[in-house]
Amino acid sequence: MPPKDLYPDIAPYQTGELALDDVHVMYFEESGNPGGVPVVFLHGGPGAGANASHRRFFDPKHYRIIIFDQRGSGRSKPLGEIRNNTTPLLIEDMERLRRHLGLDSWFVFGGSWGSTLALAYAEFHPERVRGLALRGIFLCRKSEIDWFLYGLKELAPEAWRAFSSYIPESERHDLLGAYHKRLMHADPKVHMPAARAWSIYEGSCSTLLPSPETIQAFSGDTLALGLARMEAHYFANSIFLPENFLIDNIERIRKIPAFIVQGRYDLVCPIRSADDLARLWPEARYTVIPDAGHSAMEPGTRAALVQGMERFKELG
């Protein structure tokens with residue numbers, strides 16, 4: 001029987017840095033089986049970065065597990081850098097990494113913003129994708145961004161009140177603009193408190209039940225700055241994709257094996273987006289976790305993700 005939960009902790013057998021342009025250097029790592037089936041993990045945010053727990057969704061005896069931090073995120077350099085940072089460039093970065101590693105194709109696994117990037121990458125390069133594992137669907141639509149900025153107050157009023165009250169009342173009609181101005185400020189005394197307020201807001205809404213550990217993780221300087229600054233940058237620029245781009249181009253990827261895992265009570269990326277995607281893509285296996293929020297680490301969600309990757313073994 002395949003495992004019903006995460007695999008044990010493992011260390012990477014290789015880490016490296018890949019120069020992307022005159023500004024950015026990508027951190028990447030490989031773990032698991034060097035001769036195994038390649039799978040690339042796409043972290044959320046944008047800007048959240050990856051961590052050691054993300055290796056644990058995959059059987060290390062079967063998969064060659066590739067993890068990288070996107071531009072401006074995590075261990076990539078420079079942290080929080082918005083120059084030359086767009087969705088098309090992130091897609092190019094994935095292609096550069098794939099070629100650097102000598103791979104013809106790979107499985108692509110992503111949740112939240114990672115699902116966005118996975119879908120976008122697959123729609124640009126369907127021939128490079130063996131299968132798609134998607135969780136906590138975010139389709140980049142204006143309604144979804146507005147929900148994060150304002151709609152969440154309907155279900156998480158305490159978290160939203162802390163998030164919005166960080167901004168002076170005279171600016172609260174444009175929370176994105178007010179945060180963007182502070183997050184892009186050069187002085188850490190200005191941008192770091194704003195980053196923590198933004199990141200803690202997201203962390204507070206990411207689990208079905210309160211999780212002090214999650215909030216503490218979202219409070220850390222690296223995660224907070226990368227997450228808040230990149231999200232504000234991408235949201236302010238409509239994610240650098242046309243409205244409805246991912247939905248409008250779903251025909252490009254309908255033949256790719258795929259599964260979607262969605263928490264019923266996901267506040268950050270509400271279930272309507274996953275439902276919209278699943279209805280337009282009936283070939284994809286769609287699983288709703290009845291007792292989960294947004295986080296990939298909630299028990300039902302992580303079990304379904306591991307199970308999905310076990311099924312993908314049948315594809316080679």
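This briefing covers the sheet, the nonpolar cores, the salt bridges and a few individual residues of the structure above. The model is predicted. The structure holds 27 salt bridges, and the largest nonpolar core has 75 residues.

**Sheet**

- Strands of a sheet pair through backbone hydrogen bonds, in either the parallel or the antiparallel sense.
- The antiparallel sense is found between β1 and β2 (residues 25-32), which pair over 6 bridges.
- A hairpin of 5 residues joins β1 to β2, and Leu 18 stands opposite Met 26 in β2.
- The parallel sense is found between β6 (residues 129-135) and β7 (residues 258-263), which pair over 4 bridges.
- Leu 134 has Ile 260 in β7 as its bridge partner.

- Glu 310 is found in helix α11 and is buried, with a relative accessible area of 13%.
- The side chain of Glu 310 makes a polar contact of 3.1 Å with the side chain of Lys 313.

**Nonpolar cores**

- In soluble globular proteins, nonpolar side chains tend to be buried together.
- In the largest nonpolar core, of 75 residues, the members that touch the most others are Met 94, Val 108, Leu 132, Leu 134, Trp 198, Leu 277 and Trp 281.
- Not counting residues up to four places away in sequence, Trp 198 touches Phe 148, Leu 149, Phe 163, Leu 176, Tyr 179, Leu 183, Ala 228, Glu 231, Ala 232 and Phe 235.
- Another core, of 24 residues, lies apart from the largest one, and its members include Val 39, Ala 50, Phe 107 and Met 309.

**Salt bridges**

- Arg 56 forms a salt bridge with Asp 9, with the closest N and O atoms 3.8 Å apart.
- This pair links distant parts of the chain: Arg 56 is in the loop between β3 and β4, Asp 9 is in the segment before β1, and the two are 47 residues apart.
- Arg 56 is partly exposed at 22% relative accessibility, whereas Asp 9 is exposed at 57%.
- Asp 221 and Arg 196 meet through their side chains in a salt bridge of 2.8 Å, N to O.
- Asp 221 lies in helix α8 (residues 221-236) and Arg 196 in helix α6 (residues 188-204), so the pair ties together parts that are 25 residues apart in sequence.
- Asp 221 is partly exposed at 45% relative accessibility, and Arg 196 is partly exposed at 30%.
- Glu 81 forms a salt bridge with Arg 83, with the closest N and O atoms 3.0 Å apart; Glu 81 counts as buried at 16% relative accessibility.
- A network of salt bridges links Arg 141, Glu 144, Arg 272, Asp 275, Asp 276 and Arg 279.

**Arg 71**

- Arg 71 is found in the loop between β4 and α1 (87-100).
- Its relative accessibility is 4%, so Arg 71 counts as buried.
- The side chains of Arg 71 and Asp 21 are joined by a polar contact of 2.9 Å.
- Leaving aside neighbours within four places in sequence, the residues in contact with Arg 71 include Leu 20, His 24, Asn 84, Asn 85, Asp 93 and Met 230.

**Trp 113**

- Trp 113 is in helix α2 (residues 113-124) and counts as buried, at 0% relative accessibility.
- Trp 113 and Leu 42 are 71 residues apart in sequence, with their C-alpha atoms 8.2 Å apart in space.
- Beyond four places in sequence, Trp 113 touches His 43, Gly 44, Gly 45, Pro 46, Gln 70, Thr 87, Leu 90, Phe 138, Tyr 234 and Ile 239.
- Leu 90 is among the contacts of Trp 113 and is also in contact with Arg 71.

Definitions and conventions: Residues numbered from 1 in each chain as written. Predicted model: local features only at pLDDT ≥ 70, side-chain atom pairs only at ≥ 80, totals over all residues. Heavy atoms only, no water. Pairing = 2+ DSSP bridges. Salt bridge = Lys/Arg side-chain N within 4 Å of Asp/Glu carboxyl O. Buried < 20%, exposed > 50% of the residue type's maximum accessible area, 1.4 Å probe, protein only. Polar contact = N/O pair within 3.5 Å; in protein donor to acceptor, adjacent residues only side chain to side chain. Core = buried A, V, L, I, M, F, W, Y, C linked by side-chain atoms within 4.5 Å. Contact = heavy atoms within 4.5 Å.
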